[in-house]
Amino acid sequence: MGARREQRPYDDPERPLFTVGQVAEMLDVQQAFLRRLDRQDLVSPARSDGYQRRYSRADVDRVSEICGLVGEGLTLAGVRRVLELQAEVSSLQSQVAALRAAARRRT
């Protein structure tokens, strides 16, 4: 039997690990841009006990995606709509997959 691998805190993509300054440096963006994304609910980092923003790897990935869309010329309103549509497509794809699986079970 193999030893069970213990999950380390930094293995969790949702664990808030990074400060605003760290994320700004990683993605080469201004801290003010990150705060603006938070105010506009495009990224919602966790908060420390001192109410400081703490970003997870998933948050950093989302900010990176937003930066790419902004780099393509989208406004933040446009980015919001693209992200909403992507979430809707993902949900619909899951529904289609579930319906297909149910149909296979019936046959």
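In this predicted model, the side chains of D38 and R47 form a salt bridge, with an N to O distance of 2.7 Å. D38 has a relative accessibility of 11% and therefore counts as buried. R47, at 31%, counts as partly exposed. A second salt bridge links the side chains of D38 and R53, again at 2.7 Å, N to O. D38 belongs to helix α2 and R53 to strand β2, so this pair ties together parts that lie 15 residues apart in sequence. Both D38 and R53 are buried. R47 has a further partner of another kind. It lies over the face of Y51, 4.3 Å from the ring centre.

The search of the whole structure returned three salt bridges. One of them joins the side chains of E84 and R81, at 3.3 Å, N to O. Both residues sit in helix α4, three residues apart, or about one turn of the helix. An α-helix has 3.6 residues a turn, so residues three or four places apart point the same way. E84 is partly exposed, with a relative accessible area of 40%. R81 is also partly exposed, at 45%. Through shared partners, salt bridges join D38, R47 and R53 into one network. Aromatic pairs were also counted, and the count is zero.

The largest nonpolar core contains 17 residues. Those with the most contacts inside this core are L34, L37, L42, Y55 and I66. Helices α1, α2, α3 and α4 each give two or more residues to the core. The largest contribution comes from α3, with four residues. Beyond residues up to four places away in sequence, I66 touches F33, L37, L42, V43, L76, V79 and L83.

Helix α3 covers residues 57-71. It has 15 residues and reaches 21 Å from its first C-alpha to its last, close to the 21 Å expected at 1.5 Å a residue. Its buried residues are D59, V60, V63, I66 and L69. These residues pack against α1 (20-27), α2, β2 (53-54) and α4. After α3 comes G73, with a positive phi near 105°.

C67 is also placed in helix α3. Its relative accessibility is 23%, so C67 counts as partly exposed; the cut-off for a buried residue is under 20%. C67 touches V29 and F33, with residues up to four places away in sequence left out. The C-alpha atoms of C67 and Q95 are separated by 29 Å, and the two residues lie 28 places apart along the chain.

Helix α4 spans residues 76-106. Its 31 residues should span 45 Å at 1.5 Å a residue, and the end C-alpha atoms are 45 Å apart, which agrees. The buried residues of α4 are L76, V79, L83 and A102. They pack against α2 (31-39) and α3 (57-71).

Terms used. Residues numbered from 1 in each chain as written. Predicted model: local features only at pLDDT ≥ 70, side-chain atom pairs only at ≥ 80, totals over all residues. Heavy atoms only, no water. Phe/Tyr/Trp six-rings, centres within 6.5 Å; stacked < 30°, edge-to-face > 60°. Lys NZ or Arg CZ within 6 Å of the ring centre and 35° of its normal. Expected span 1.5 Å × (residues − 1). Buried < 20%, exposed > 50% of the residue type's maximum accessible area, 1.4 Å probe, protein only. Contact = heavy atoms within 4.5 Å. Core = buried A, V, L, I, M, F, W, Y, C linked by side-chain atoms within 4.5 Å. Salt bridge = Lys/Arg side-chain N within 4 Å of Asp/Glu carboxyl O.
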